[in-house]
Amino acid sequence: MRLQGHLSASQRGLNQSIGAMHMQLELMGISQENVNGFDKVGYQRKDGVISSFAEFIGIHGVSKAVDDSVGRIARTDQPLDFALGEKGYFQLLNNSGSVELSRDGRFKLSESGELLGLENQQVLSAGGVPVILPFMPEKYSDIKVDNNGKLSIFNPETRKMEYVATLGVVSSEGNTVLEPNMKQGCLEFSNVSMAQEFLEMVPKRRAFDANRQLFMLQNSALSQAIQQLGGG
């Protein structure tokens, strides 16, 4: 910006302060998202990643990296609740025909014996087809799943457990997880540590406050220069 009287004032410092504040707000938003997801089943912590081009593209240079470590596992004693003790994801087929990856193992049965996710997605087997029981069990406790995800159901006619399918568990790259350490009657809550989130929030807030103070000083100096020039 060029003012009359041949006085030049650069806005680069102001823009840098504003950009830095936007960046810190974005990072604090990711931390707040983690705090909100603390008690969510299957939620995985996000880390803010700043691109080397962030100086030029601003908040568009901030992305999220997923922490895929195993979260807190709690027992529910519900036969259709499942948790994964290793890294990996259940495969769920939604109504649009696309496959979702999720660590939320809150499943249910349809009237036709289909194993469904919380939002009525079809749970897929290791073979990539929906898991459907050959008959409805007398009680859900007649359904058993071992550590490798092999699902069996008790047949009252033969008085034996009959194999149905193996629940499909894959890595984020789509590779089959052969030993998912599946736990029946359990759910996995988030892998978020509240103490860690609050500790990491402190330097972000300090950086935001520092840039806000710098912006105010720069803005005040620029305003004074404009007033003095106008008065002259």
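Of the contacts in the chain between residues at least 6 apart in sequence, 58% join residues at least 24 apart. The structure discussed here is a predicted model.

**Overall surface and burial**

- Of the 232 residues in the chain, 38% are buried.
- The chain has an accessible surface of about 13500 Å². Carbon and sulfur atoms account for 52% of that surface.

**Aromatic pairs**

- A pair of aromatic rings is described by the distance of the centres and the angle of the planes.
- The structure holds 2 aromatic pairs.
- The ring centres of Phe-82 and Phe-107 lie 5.7 Å apart with the planes at 45°, and the pair is therefore tilted. This pair links distant parts of the chain, since Phe-82 belongs to strand S6 (residues 82–84) and Phe-107 to the loop between strand S8 (99–102) and strand S9 (108–109), 25 residues apart.
- Phe-90 and Phe-107 form an edge-to-face pair, with 5.1 Å from centre to centre and 75° between the planes. Phe-90 is found in strand S7 (residues 89–93), and Phe-107, in the loop between S8 and S9, is 17 residues apart from Phe-90.

**Aromatic cluster**

- Phe-82, Phe-90 and Phe-107 form one aromatic cluster.
- Phe-82 and Phe-107 are both buried, and Phe-90 is buried as well.

**A charge over a ring**

- Arg-72 lies over the face of Phe-38, at 4.2 Å from the centre of the ring.

How values were computed:
Residues are numbered from 1 along each chain as its sequence is written. This is a predicted model: local features need pLDDT of at least 70, side-chain atom pairs count only at pLDDT 80 or more; totals for chains, interfaces and linings use all residues. Side-chain values use heavy atoms; hydrogens and water are left out. Buried means under 20% relative accessible area, exposed over 50%, partly exposed in between (1.4 Å probe, protein chains only). Contact means heavy atoms within 4.5 Å. Accessible areas come from the Shrake-Rupley method with a 1.4 Å probe; for residues, only the protein chains shown count as cover. Rings of Phe, Tyr and Trp (its six-membered ring) pair if their centres lie within 6.5 Å; planes under 30 degrees apart count as stacked, over 60 as edge-to-face and the rest as tilted. Helices (H or I, at least four residues) and strands (E, at least two) are DSSP runs, numbered from the N terminus. A charge sits over a ring if NZ of Lys or CZ of Arg is within 6 Å of the ring centre and within 35 degrees of the ring normal.
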